[in-house]
Amino acid sequence: MAGSFSNDGESIALMAVLNNTFLALVTTEPNEGSTGLEVEGGGYARQPMQVTVSEGNPSIATNTDPIEFPAATTSWGEIGWAVVMDSVTGGVYRASVQFTDPNDPDTPLPQTIVSGNIVRIPAGTLQFSLE
């Protein structure tokens, strides 16, 4: 027999899984069992993330604050996804999100990061749901 979460249950689950975590940038597509290839070196460091969960059906968690990565000091390659981890290094992989065109969420929008670039993610642009 299959069950489902209530709207409140979805909100609680999203907060528990995503709040007080760290965002990592990856160059290969993650899946349920693998984070993909995380950027290394060149000034890169995971960044802390807090979320806010909207009420509704489905409940959607979004990043509460802007997230800014340090300036790249070497090429980081083509970044197409971000993954949510529970610690600043190593840790447990919790979720992933693909970078897409803000005007068409079905269109992937990877970015090639070279020395001097800064990856900035505005508040509210990362979206996670249980649906």
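I count a contact when heavy atoms come within 4.5 Å. With that set, I looked up Leu23: leaving aside its neighbours within four places in sequence, Leu23 touches Tyr44, Arg46, Gln47, Met49, Ile67, Phe69, Ala82, Val83, Val84, Ile121 and Leu126.

**Ground rules.** This is a predicted model, where local features need pLDDT of at least 70 and side-chain atom pairs count only at pLDDT 80 or more, while totals for chains, interfaces and linings use all residues. Residues are numbered from 1 along each chain as its sequence is written, and side-chain values use heavy atoms, with hydrogens and water left out.

Entry: I took helices (H or I, at least four residues) and strands (E, at least two) as DSSP runs, numbered from the N terminus. Two strands pair if DSSP finds at least two bridges between them. I found an open sheet of 4 strands in the order 2-1-7-8, with antiparallel pairing. Strand 2 (47-49) and strand 8 (93-98) sit at the edges with a single partner strand each, so one side of each has no neighbour in the sheet. From one strand to the next, the twist averages 35°; axes here are lines fitted to C-alpha atoms, for helices over the stretch in contact, and angles run from 0 to 180 degrees between N-to-C directions.

I then went through the pairs.

**Entry: strand 7.** Which way do the residues of strand 7 point? Trp81, Val83 and Met85 point one way, Ala82 and Val84 the other, and all are buried (under 20% relative accessible area; exposed is over 50%, partly exposed in between, with a 1.4 Å probe and protein chains only). In a regular strand, side chains alternate between the two faces of the sheet.

**Entry: the core.** A nonpolar core is a set of buried Ala, Val, Leu, Ile, Met, Phe, Trp, Tyr and Cys residues joined through side-chain atoms within 4.5 Å. The largest one has 30 residues, and Leu23, Leu25, Phe69, Trp76, Leu126 and Phe128 have the most contacts inside it. Helix 1, strand 1, strand 3 (51-54), strand 7 and strand 8 each give two or more residues to this core. Strand 7 gives the most, with 5 residues.

Entry: Strand 4 (residues 60-63) pairs with strand 13 over 3 bridges, and Ile60 stands opposite Ser129.

**Entry: helix 1.** Helix 1 (residues 7-18) lies across strands 1, 2, 7 and 8, running at about 100° to strand 8. I checked Ser11, which is in helix 1. Is Ser11 buried or exposed? Ser11 is buried, with a relative accessible area of 14%. Leaving aside neighbours within four places in sequence, Ser11 contacts Val53, Ser54 and Ser59.
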